[in-house]
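Hello,

Here is the structure I promised to pass on to you. Please have a look at it alongside the notes below.

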Amino acid sequence: MNPLPRIDIDTQVIRRNAQFLCNRLGRVGISVTGVTKGVGGHPAVAQAMLDGGVVGLADSRLDNVMRLRTAGITCPISLIRAPMRAEMAGVVAYCTNSYNTELETIALLGAAALAVGRVHGVMLMVEVGDSREGLLLRDLPAFVSAVHRHSGLRLDGVGVNFACLSGVPPTTAALLYLCAAIATAESASGIRIPQLSGGNSASLPLLLTGPDHARVNNLRLGESILLGCEPVSGRLINGLSDTAFGLVAEVIESSHKSHRVTVATTRPVDISNQVVLALGSQDTDIQGLGFPLGCTLAGSTSDHSVLDTGKRRRTVGSEVALTMNYSALSRAMAVTAISKRLCVKPQPAVGVARRPSVLLRA
Ligand SMILES: *Cc1c(COP(=O)(O)O)cnc(C)c1O
């Protein structure tokens, strides 16, 4: 059962994190969409988010959405990365709506929807300073009209993204500016824009503590639900847990040697215990791992990682428990050679420093 390397997943923690965020945000009229791209659309994790109260799911990859549908999940699912040319029919078939920034793509989606007698929802992603994807605010009225005119399409709302590419979190000023632009587009077109999806986990500090959340009535949350943390500061959000996932790797060599031997001085310096793990950069983002107390990463290659274990010797065949940041998690979850085990409590990475927490009032 469950060969190594292995990811332990505690779905109860994910459900509780989702529940906490849904309750807090629900009080200020904001619904939560659970983002599953960090777990490759793992159905049990998605179900835990739904059990915690998210109103729908979102993923950036159509493959992941199809995985959720195949597992029998029937809730609304959004595609949060704009579709590629070959994906139009699949997006219309499996996704309730999709986030879009190009008129040409929107027209292709509309045609694909009409071809099968469906209506596909469109969320218009606007650029408000993150400089990743998004249409310009001045083009919003034209996009709103184009979606509204198309009988194969339905305008579901407007979305924004903060802190993805730029690392810049949202501000009240940016949200108010956005709301003014939405109001302008509404009066220019005579069309109401129902949803304003105000960003990802980086929007939480502002929307949970800010006095005015403007018209934001939805957030798309991945990292905060999965890892309990706020992505810009990397800090744990008070009330959330960071123990949902654990990565376990096997020691395949244990030795007492130095990794600091140089060509010039063949005399070993700083001798300590060292292990080689059967886990490499093909499996995960090694830089995004947390190691047990007293262990430091000496280096890694595609299939091996070398740990300096200090005074402690670890035996060949033993397990080493590691923590993962979001980057490490999303890569490891996508690797089929890493087994996934649902359990009540992941094996703890003993002594790994817990993140300092940040207090969010609401
Ligand atoms: C990844 C992503 C999210 C979720 O971001 P988190 O920081 O994990 O909450 C939301 N929206 C879009 C468009 C994304 O790509």
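**What turned up**

The side chain of asparagine 200 has a polar atom 3.0 Å from the backbone oxygen of phenylalanine 162. Asparagine 200 belongs to the loop that runs between strand S8 (195-197) and helix H8 (204-209). Its relative accessibility is 13%, and because buried means under 20%, asparagine 200 counts as buried. Please bear in mind as you read on that this is a predicted model.

**The ligand and its surroundings**

The next residue along, serine 201, takes us to the ligand: an N or O atom of the serine 201 side chain is 2.5 Å from a ligand oxygen. Which other side chains come up here? Lysine 37 is one of them, with a side-chain N or O atom 2.7 Å from an oxygen atom of the ligand. Arginine 220 has a side-chain N or O atom too, and this one is 2.9 Å from a nitrogen atom of the ligand. On its own the ligand would expose 380 Å², and the protein buries 95% of that area.

In total, 15 residues surround the ligand, and the closest are Lys37, Ser201, Arg220, Gly222 and Glu223. Sorted by class, this shell is made up of six nonpolar, four polar and five charged residues. As for the space that the ligand takes, it is the largest pocket.

**The loop between S2 and H2**

Threonine 36 sits in the loop that links strand S2 (31-35) to helix H2 (43-51). Is threonine 36 buried or exposed? With a relative accessibility of 0%, threonine 36 is buried. Its side chain forms a polar contact of 2.7 Å with the side chain of aspartate 59.

Histidine 42 is in the loop between S2 and H2 as well. Relative accessibility is 10% for histidine 42, so this residue also falls in the buried class, which is set at under 20%. How far apart are the C-alpha atoms of histidine 42 and leucine 68? They are separated by 7.1 Å, while the two residues are 26 residues apart along the chain.

Leucine 25 is buried, at 0% relative accessible area, whereas glutamine 19 is partly exposed, at 32%.

Glutamine 19 and isoleucine 225 are separated by 206 residues in sequence, yet their C-alpha atoms are 9.0 Å apart in space. For leucine 25 and arginine 192, the separation is 167 residues in sequence and 23 Å from C-alpha to C-alpha.

One last item comes from the segment before strand S1 (6-9), where proline 5 is found. Which form does the peptide bond from leucine 4 to proline 5 take, cis or trans? This bond is cis, with omega near -10 degrees.

Best wishes

Note on methods:
Residues are numbered from 1 along each chain as its sequence is written. This is a predicted model: local features need pLDDT of at least 70, side-chain atom pairs count only at pLDDT 80 or more; totals for chains, interfaces and linings use all residues. Side-chain values use heavy atoms; hydrogens and water are left out. A residue is near a molecule or strand if one of its heavy atoms lies within 4 Å of it. A polar contact is a pair of N or O atoms within 3.5 Å; within protein, one must be able to donate a hydrogen and the other to accept it, and residues adjacent in sequence count only if both atoms are side-chain atoms. Accessible areas come from the Shrake-Rupley method with a 1.4 Å probe; for residues, only the protein chains shown count as cover. On a 1 Å grid over the protein atoms alone, a cavity is a set of points where a 1.4 Å probe fits but cannot get out, and a pocket is an open set with protein on both sides within 12 Å along at least five of seven lines; lining residues have an atom within 4 Å of a point. A molecule sits in a cavity or pocket if more than half of its atoms lie within 2 Å of its grid points. Ala, Val, Leu, Ile, Met, Phe, Trp, Tyr, Cys and Pro count as nonpolar, Asp, Glu, Lys and Arg as charged, and the others, Gly among them, as polar. Buried means under 20% relative accessible area, exposed over 50%, partly exposed in between (1.4 Å probe, protein chains only). Helices (H or I, at least four residues) and strands (E, at least two) are DSSP runs, numbered from the N terminus.
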